[in-house]
Amino acid sequence: MSKNIDMWALIEKNKRNTFILITVFIVFMAALGYIFGYVYGNGYYGLAIGFTVALVTGIAVYYGGGSVVLGISGAKKIDKKDSPQLFNVVEEMAVASGLPMPEIYIIYDTAPNAFATGRNPAHAKIAVTLGLLQKLNRDELQGVVAHEMSHVKNYDILYATLVGVLVGSVALLCDFFLRYTFFSGGRRSRRDSKGGGGAQAVLMIIAIVLAVLAPIFAKLLQLAVSRQREYLADATGVQLTRNPLALAGALEKISGDTEVLEAANRATQHLYIVNPIKSFEARAKTTSLFSTHPPIQERISILKALAHQQ
Amino acid sequence: MALILIIFLVLLLVLVLMFIGIYNSLVKLRNRVKNAWSQIDVQLKRRYDLIPNLVETAKGYLKHEREVLENVTKARTQAIQADKGVAEQAKAENFLTQTLRSLFAVVENYPDLKANQNMLALQEELTSTENKISFARQHYNDSVMVFNTKIEMFPSNMVASMLNFKQQEFFEVESEEEKKPVNVKF
């Protein structure tokens, strides 16, 4: 029973985090609107616009976030005739978990990986790469799909998708603004200083606000990739298949594969069963913020220990 | 005096709301159990539907093994007709599973049949259906466990006994043979 209690607690936590995320996003956009409005005449006018934009965006992302994530990952929807075995395996896990049948997508990339997205179990979507179908056997595929179905059941998909789309786009905005203000922005202002005093000050304020908010967004991303979430999805997945070794084998194959998944990026990496950006820590400067991604070896050894218990 | 009355009314309201909440969750869980049970039937029916195709495909190749095919057909008919009780149904389904196993064992000796595209597709479908049957049973038992626990635990046990919610039965696996995981070898 303790596993069930953990699961309900996690679902609650996911819904709470989703609420916090959307609130932070709306406040952020409203503040941004206020700053712009203040400079161009009326702060409250800008605030209203910022708030409205945030609200509309929030609703759009809630309903369409899954499609956005699938779109930027280059995933194509398939029917049963395209891949009968994959379809069957997903159907088996839907039966085992008592959830509705999710939509199935394939990413035409030979690097093996998989993720789930959507806003709730009735609108869930599971995407796997072609490489996963080629390199895993039926049992291993079943283990991976069970892991993804667990994310669906625990509402991880809603939070992870919103984080990906909202935080991902804001992070891009941050990058853009910081670069613009500190490099090109600074130089340009000296050349045509006539119109620029107020606008220049605004950009500086925005840069500072973004610098303050960046750690908060990083924290939200960190929550999305917490160890607990992945461990629980592994454990719940095994509850469905009763076959921990198959999932362990799948994780070994996926993490041992050297191919790079082209479609993955900073906004979507946390969705995948195994982080597809393998050299991410080496490449990014914000390493420590992302280093809580669960080490794959630990996940594998937990699964193997489970197998010995049985 | 008025204060006491208000406190009493608020307490009553809280109790009524709790009662409604517990009753609704009991109904929800009981429906989940019912739905899980009907899922098993859906998958069993799917297996019945697949078997005629399988027999048709194999017939051309297995001219000297007519008996095996006849057994499968017979077991299917028996399983469809056996709807008198859970025990008899389970026995008939077990028999069907066994005849299918021996059919697939025979297929091993016929490379042409084994390589037949139609046969391969049917084997994938049957493997998956066998899996779905056992997953559906597993899900049924999980749902029953959650429901039964709710009925036994305080305070939902009071609502349950008042409104006559009864413990649901687990699906028990009959024989030792059935306890082994279903494994159709290709």
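Let's start with the largest nonpolar core, which has 81 residues. Four of its members touch the most others: A:M93, A:I126, A:A127 and A:V145. And which helix gives the most to this core? That would be helix α6 of chain A, spanning residues 156-191, with nine residues. Please keep in mind, as we go, that this is a predicted model.

Setting aside neighbours within four places in sequence, A:A127 has contacts with A:L70, A:S73, A:A75, A:Y105, A:I107, A:A114 and A:F115.

Now, chain A as a whole. Its secondary structure consists of twelve helices and four strands. The chain has 310 residues, and 42% of them count as buried. What about contacts along the sequence? If we take those in chain A with a separation of 6 or more, 72% are between residues 24 or more positions apart.

Over to chain B, and a pair of helices there. Two packed helices are described by the angle between their axes and the distance between the axes. Here the pair is α1, residues 2-59, and α5, residues 117-152, both of chain B. Their axes come within 9 Å and cross at roughly 165°. Angles over 145 degrees count as roughly antiparallel, so α1(B) and α5(B) are roughly antiparallel to each other. The crossing of the two is left-handed. And what sort of residues make up the contact of α1(B) with α5(B)? There are 18 nonpolar residues, eight polar and eight charged.

Technical notes. Residues numbered from 1 in each chain as written. Chains lettered and ligands numbered in written order. Predicted model: local features only at pLDDT ≥ 70, side-chain atom pairs only at ≥ 80, totals over all residues. Core = buried A, V, L, I, M, F, W, Y, C linked by C-beta atoms within 7 Å. Buried ≥ 20, exposed ≤ 12 C-beta atoms within 10 Å, placed from the backbone. Contact = placed C-beta atoms within 7 Å. Axes fitted to C-alpha atoms, helices over the stretch in contact; angles between N-to-C directions. Parallel < 35°, antiparallel > 145°, perpendicular 65-115°, else oblique. Left-handed = near helix turned anticlockwise from the far one by under 90°. Nonpolar A, V, L, I, M, F, W, Y, C, P; charged D, E, K, R; others polar.
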